[in-house]
Amino acid sequence: MMRRTKTNVTRRQLLAGAAAGAAIGTLGFPAVLRAQVPSVKVGILHPVTGAISYSGTQSRAGALIAIEEINAAGGIKALGGAKIEPLLADAQSRPDVGAAEIEKLNEAGAVAVIGPYASAIAIATTAAAAKHNLPHLVDVGVADQVVTRGLTNTFRFAPGLAKTVETAINNLVKLNEAAGKPVKTVMIIHEESAFGSGMASTLNAELPKHGFEIVETIKHANPTRDFSNIVLRVQARKPDLIIPSNYYNEYVLFARALRQQRVQTKGIYSILGGGASSYKFVKEFPDAAAYVMDCNHWFDPRKAQALALKDKVEKQGLFFTYEVFLNYCNVYLLADALERAASTKREDIIAALASSTWDKHIMPYGPTKFVNGQNEGAQPVNTQVLDNDIKVIFPLEFASANAVFPVPERKG
Amino acid sequence: MTARTAFAVIAFAAALIAPFVVHSDFWMGFLITTLLYAYMGMAWNVLGGYAGQVSFGHAIFFGTGAYTSTILHISFGLNPWLGMVAAAVAAGLVGALIGYLSFRYGLRGSYFALITLAFAEVFRILANSFEFTGGGVGLYVPLKIGWWNLQFPSKTGFYYLALALTCLSLAIGAWLENSRFGASLMAIRENESAAEALGVNAFACKLKAIILSGAMMGVGGTFYAQHYLYIDPTIAYGPGVSVEVLLVPIIGGLGTMLGPLLGSAVLHGAGELARRLMGDVPGLDLVFYGVLLIVMVRFLPEGVIGLLRRRHKPGAAHA
């Protein structure tokens with residue numbers, strides 16, 4: 001007969017002990033490690049798949065560069081050097097998926113979310129985040145409705161559509177007056193979604209007030225691969241100025257078709273132009289890109305930090321697009337709020353963002369000043385493609401070149 | 001009480017208490033989406049599964065419902081609950097129009113599928129062009145949280161609404177399987193000429209089916225608009241919704257009562273599983289999801305319900 005003493009261990013007890021040990025091993029020790037190296041989880045939510053995946057991928061890259069820099073510099077010092085841990089999420093270019101990802105990020109312990117590039121997705125994600133009082137920094141999402149619904153958790157660092165269009169029109173008027181008013185007629189070519197249609201409707205309402213006659217507005221589908229008919233319409237209408245409002249691919253194809261059919265105008269003036277402020281466009285199609293003007297999100301070319309970031313991004317084989325530097329800035333803006341809040345409580349972070357006066361960014365903005373979630377210090381700038389580079393031409397205090405307007409007649 | 005009834009009662013009771021057990025908003029969101037697509041899958045199933053009239057453009061009803069309630073709410077201040085009724089009526093009328101034009105002129109099979117696709121595309125272009133639909137900008141539903149505005153403060157409200165819609169769709173499925181009208185639809189599906197020879201008015205039956213299917217989808221459109229607070233022509237009339245509501249009954253089991261519910265659960269479950277397994281590599285989860293769908297369609301031609309039926313056949317275990 002087997003004698004069992006108190007020190008003997010049965011097979012069942014051994015298994016239970018092993019299971020408990022395994023549980024401690026997998027759950028307990030990382031908890032200890034986490035305690036040693038604290039981290040702050042931040043949701044990085046972008047459409048990295050689907051129709052607008054290029055912009056989403058660029059956005060994610062910008063955010064990750066900033067996180068890497070902050071962590072390398074010692075993390076969030078007010079939180080004991082806590083590292084920022086990015087929680088990557090994919091909105092799949094769909095508002096409903098974006099909203100579902102917010103729930104996932106909330107449950108994974110994100111203290112804030114940065115993203116999600118597109119306005120339509122931002123409408124859904126900001127509302128979903130508001131239910132958890134989760135701070136949401138909107139990186140691009142220019143639709144004014146993103147910040148006009150009274151959501152106290154929502155902050156947009158970059159300018160919205162109304163401000164951008166207003167600035168663009170004012171700068172166009174100044175540019176035209178300074179050149180002796182060569183532009184009297186305008187033609188608008190825009191894509192069919194919220195971005196292009198909204199822009200076209202605002203321009204149709206505002207430009208006539210400044211003495212511009214809109215000879216025609218043409219809408220095209222996404223995607224459109226053949227612009228020859230639209231360019232024939234442009235040739236027939238002979239506008240002084242063309243205002244395109246479309247995403248990157250369509251922008252480039254339209255500009256190339258204009259060049260191929262040798263359309264002569266006094267200028268191409270874009271507002272948030274998909275290709276107009278893109279180094280990719282300038283590098284790949286320098287002839288079509290020459291002299292194109294844009295009013296868009298752009299970095300301050302006088303700041304060394306901006307130029308250093310541009311170098312770093314290009315060394316990674318990426319183009320330095322506005323998605324990259326806006327997300328980069330949003331991560332730093334959040335880091336500044338975390339430093340001042342010295343807390344990972346959501347209400348503390350929201351309070352710190354709302355009272356933010358951060359000025360160490362690479363944009364041509366003043367210190368941040370959030371009014372109802374919109375950074376009133378934000379402004380777009382005018383750029384022009386000159387000498388195979390993108391130069392800032394307005395406002396003059398940030399300008400790196402003088403505008404060439406009207407553009408010289410081009411032969412060949 | 002039969003085993004089947006007991007199972008249904010237990011499943012319903014589990015669904016009722018789910019919000020008290022599931023404390024994760026993410027999983028509540030998952031359940032809401034699953035139930036909504038189960039409901040809309042049944043809407044498609046009424047026409048495509050039971051009547052055999054496969055539609056590639058059911059987004060036309062979804063979009064019409066979403067736009068109807070949203071426009072009535074924004075422009076005329078109509079309460080979204082009443083807007084949901086108006087959405088059902090409007091989408092049903094669109095169904096009557098498409099059905100009359102298609103069935104009156106004898107369009108069947110792939111011709112009918114293509115005409116529904118074409119109608120959806122026409123509506124997408126129209127929604128893009130008119131000012132009252134917001135054009136390409138779309139429409140933003142004003143944020144006014146409150147159950148009377150069909151904007152629930154927590155996910156529980158949307159969950160119970162989605163559950164109610166799903167139960168309604170199951171009741172419709174049960175009615176179709178046990179009614180003369182349902183039998184007529186199935187007869188049309190199997191052999192329309194033979195059904196007509198037996199006295200079934202195929203035109204009237206198909207017309208009723210498309211009206212019912214359209215009205216159900218219209219309610220789904222209002223649900224979506226009130227949940228995500230934004231619609232544009234691509235969301236409303238684009239191919240995404242058309243494909244998803246078609247996949248749900250195909251995966252679950254065409255022309256069956258439980259098919260759409262099973263299909264939606266499997267489809268969304270597989271999507272979520274893919275996301276969790278594939279990590280942060282962009283698009284890899286969609287590749288996995290696609291492969292999974294191909295495998296399921298290849299090896300389960302009768303859907304999940306077909307698999308369950310095979311397993312419960314006497315002697316199946318020894319086969």
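Tutor: In this predicted model, 20 residues of chain B are in contact with 26 residues of chain A. On the side of chain B that touches chain A, α2(B) gives the most, with 3 residues. By class, the residues on that side of chain B divide into 9 nonpolar, 8 polar and 3 charged.

Helix α6 covers residues 155-178 of chain B, and its 24 residues should span 34 Å at 1.5 Å a residue; the end C-alpha atoms are 34 Å apart, which agrees. Among the buried residues of α6(B) are B:F158, B:L161, B:L165, B:S169, B:I172 and B:L176. An α-helix has 3.6 residues a turn, so residues three or four places apart point the same way. The buried set of α6(B) also includes B:K155, B:Y159, B:A162, B:L163, B:T166 and B:G173.

Of the 412 residues in chain A, 51% are buried. Among its contacts with a separation of 6 or more, 67% are between residues 24 or more positions apart.

The domain assignment divides chain A into domain 1 (39-159 + 302-375) and domain 2 (162-296 + 381-398). The C-alpha centres of these two domains of chain A lie 29 Å apart. Between them, 12 residues of domain 1 of chain A are in contact with 12 residues of domain 2 of chain A. The domain 1 side of that contact in chain A has 8 nonpolar, 2 polar and 2 charged residues.

Within chain A, strand β8 (residues 241-245) has 5 of its 5 residues buried, so it is largely enclosed by the rest of the structure. Both faces of β8(A) are covered, with A:L241, A:I243 and A:S245 buried on one side and A:I242 and A:P244 on the other. Strand β6 (residues 185-191) of chain A runs parallel to β8(A) and is joined to it by 5 bridges; here A:P244 is the bridge partner of A:I189. β8(A) also pairs in the parallel sense with strand β9 (residues 267-271) of chain A, over 2 bridges, and A:L241 stands opposite A:G267. Together with helix α8 (residues 248-260) of chain A, β8(A) and β9(A) make a right-handed β-α-β unit.

Some backbone details of chain A remain. Most residues other than glycine have a negative phi, and most peptide bonds are trans. A:N133, in the loop between α4 (119-130) and β4 (136-138) of chain A, has a positive phi near 55 degrees. A:A342 has a positive phi of about 50 degrees and lies in the loop between α12 (322-341) and α13 (346-354) of chain A. A:N133 is partly exposed, with 14 other C-beta atoms within 10 Å, and A:A342 counts as partly exposed with 13 C-beta neighbours inside 10 Å. The peptide bond from A:F394 to A:P395 is cis, with omega near -10 degrees, and a cis peptide bond also joins A:F405 and A:P406, with omega about -5 degrees.

Terms used. Residues are numbered from 1 along each chain as its sequence is written. Chains are lettered from A and ligands numbered from 1 in the order in which they are written. This is a predicted model: local features need pLDDT of at least 70, side-chain atom pairs count only at pLDDT 80 or more; totals for chains, interfaces and linings use all residues. Domain bounds come from an automatic or database domain assignment. Two residues are in contact if their C-beta atoms, placed from the backbone, lie within 7 Å. Ala, Val, Leu, Ile, Met, Phe, Trp, Tyr, Cys and Pro count as nonpolar, Asp, Glu, Lys and Arg as charged, and the others, Gly among them, as polar. A residue is buried if 20 or more other C-beta atoms lie within 10 Å of its own, exposed if 12 or fewer, and partly exposed in between; C-beta atoms are placed from the backbone. Helices (H or I, at least four residues) and strands (E, at least two) are DSSP runs, numbered from the N terminus. Two strands pair if DSSP finds at least two bridges between them. A crossover is right-handed if, with the strands pointing away from the viewer, the path from the first strand over the helix to the second runs clockwise. The expected span of a helix is 1.5 Å times one less than its number of residues.
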